[in-house]
Amino acid sequence: NDFVDGMSKGMICAMVPQAKLHRRSAVLACFALGVWYYAAVVFTTPFARRLDQFLKTSEMDKTMEKPLKESKSSKKVPQWLSELDDLGFVDSGTYRQFIDTAMEMGKLDEAKTWAEKARAEGKPLSAEDLQSFISEALTNDDAAAAQLWLEQTLLNQDLSTREKQTICFLAVFLIARKMGFQVLHDILETHGEQPNHWIRNKSRWLLEILRSTRSGGLERLGERLDDALQVGVEADHSVFRYLLYEALKVPDLAYVTKWFDKAVLHGVVPETPIVNHIIGEVAKIEGFAAAEEWFEKATGAGVKPNVYTYKYLIQAASVEERDPEKWFRRLLAAGIAPDVVTFNTLINAAAKKGKLSDAIDWFHMALSMSIRPDMLTYNMVLAAAAQAGDALAAEQWFDRMSKDGFVPDIVSYNSLMKA
């Protein structure tokens, strides 16, 4: 019995250290497994879980109102990200995630820092990334963000000028619209680009910018025009046509004159229709003499008058009884064929003076030039007969109107009754 008891105690004493050894081994194995798992999560995902946790924390911080003290997580990108970046565990995709986070938080300086660090590490943003950021800036109407990504694109030495222009097309437009062509010019020049290669032929952009500026008045339109012209934007007919029509709507003849002269100075001769409109408006506001001066000014600048140009002058001369026939003769001398409107204007001028014979002469001249009179022509001859008090002539022209296929209207009957 004593022998058995001694053996049992010996075995128990031997088993105790062995059990302790197994427990210690299990603890060490669990610790090693935990370290391996942590390293796998941190260094192979890359940082997916920690970054996701950081983004969620940032979103929560943005929703919290702390006007006096800003939360720690929103001050700058956490230090652990920079440390991992220094160790080389950050790839181009991770840089993109950092920049996205900074942009969502409205921290352009921080986004710029990450973009520059990515470029310095030989992992610059791709053309697709840059276009994506620029598109987002345009969607948000954020010219500052557009400027940031334009500058980052210009700094990318791997891209050709053509590629940069393609990527930054929307950014350039947004900066020009929100900040002005001069600011855009300076940005391009600072980064070693030739601004005229980017903005010279942007007349269509200028027109869109002017249209969006219309609510600012003529003065603001003039400022935007000068801003573009001073840096070499080539304004075309559409730009000056828009400006001149805007000035005529007011009307402001000072701006009409200013922009007409500026168009000619920049090699753009305003088109004949807009010049006709100017002459007609000037005749109404300032009289025939001013309209006549505008005619000489426009033709001297190279504008080619048409039948409507002379029509406005004939009308203006008729109103003031300033020899409208003179302008009819100038029309013929210029080799321009008169139309029915031209003769109606001359007949109307004679009718107002009660000169029935002159009105009839103009009527027959129209027929001799193969111009068919219209309803207005007959009514004006009837008006001339009424003004002259010649009832017989009025009846004759009333009958002739009917025979020529025109149905007399209320104006015709009024003239006949007046005669």
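Which residues of helix 12 (residues 203–213) are buried? In the predicted model examined here, with residues numbered from 1 along each chain as its sequence is written, local features need pLDDT of at least 70, side-chain atom pairs count only at pLDDT 80 or more, and totals for chains, interfaces and linings use all residues. Side-chain values use heavy atoms, with hydrogens and water left out. The buried residues of helix 12 are Ser203, Trp205, Leu206, Leu207, Ile209, Leu210 and Thr213, where buried denotes under 20% relative accessible area, exposed over 50% and partly exposed in between (1.4 Å probe, protein chains only). Helices (H or I, at least four residues) and strands (E, at least two) are DSSP runs, numbered from the N terminus. The cover over the buried residues of helix 12 includes helix 9 (169–178), helix 10 (181–190), helix 13 (217–229) and helix 14 (237–249).

The protein as a whole comprises 24 helices and 0 strands. Of its 419 residues, 42% count as buried. Among contacts (heavy atoms within 4.5 Å) with a separation of 6 or more, 67% involve residues 24 or more positions apart.

In soluble globular proteins, nonpolar side chains tend to be buried together. The largest nonpolar core has 110 residues, and Trp149, Leu150 and Phe181 have the most contacts inside it; such a core is a set of buried Ala, Val, Leu, Ile, Met, Phe, Trp, Tyr and Cys residues joined through side-chain atoms within 4.5 Å. Phe181 is located in helix 10 and is buried, its relative accessible area being 1%. Apart from residues up to four places away in sequence, Phe181 touches Ala176, Ile199, Lys202, Leu206, Ile209, Asp227, Ala228, Val231 and Val233. Leu206 and Ile209, both among these partners, also belong to the buried residues of helix 12. A separation of 8.8 Å is found between the C-alpha atoms of Phe181 and Leu229, which lie 48 residues apart along the chain.

Leu229 also takes part in the packing of helix 13 against helix 15. The axes of helix 13 and helix 15 (residues 253–265) come within 12 Å and cross at roughly 15 degrees; axes are lines fitted to C-alpha atoms, for helices over the stretch in contact, and angles run from 0 to 180 degrees between N-to-C directions. The two helices are therefore roughly parallel to each other, a class assigned to angles under 35 degrees, with those over 145 roughly antiparallel, 65 to 115 roughly perpendicular and the rest oblique. Helix 13 contributes Leu218, Glu219, Leu221, Gly222, Leu225, Asp226 and Leu229 to the contact, and helix 15 contributes Tyr255, Trp259 and Lys262. These residues divide into 6 nonpolar, 1 polar and 3 charged, given that Ala, Val, Leu, Ile, Met, Phe, Trp, Tyr, Cys and Pro count as nonpolar, Asp, Glu, Lys and Arg as charged, and the others, Gly among them, as polar.

Backbone geometry was also examined in the loops. Val250 and Pro251 are joined by a cis peptide bond with omega of about -15 degrees, and Pro251 lies in the loop between helix 14 and helix 15. Asp141, a residue other than glycine, has a positive phi near 55 degrees. Asp141 is placed in the loop between helix 6 (127–139) and helix 7 (143–154) and is partly exposed, with a relative accessible area of 31%. Ser370, likewise other than glycine, has a positive phi near 60 degrees. Ser370 occurs in the loop between helix 21 (356–368) and helix 22 (375–388) and counts as exposed at 69% relative accessibility.
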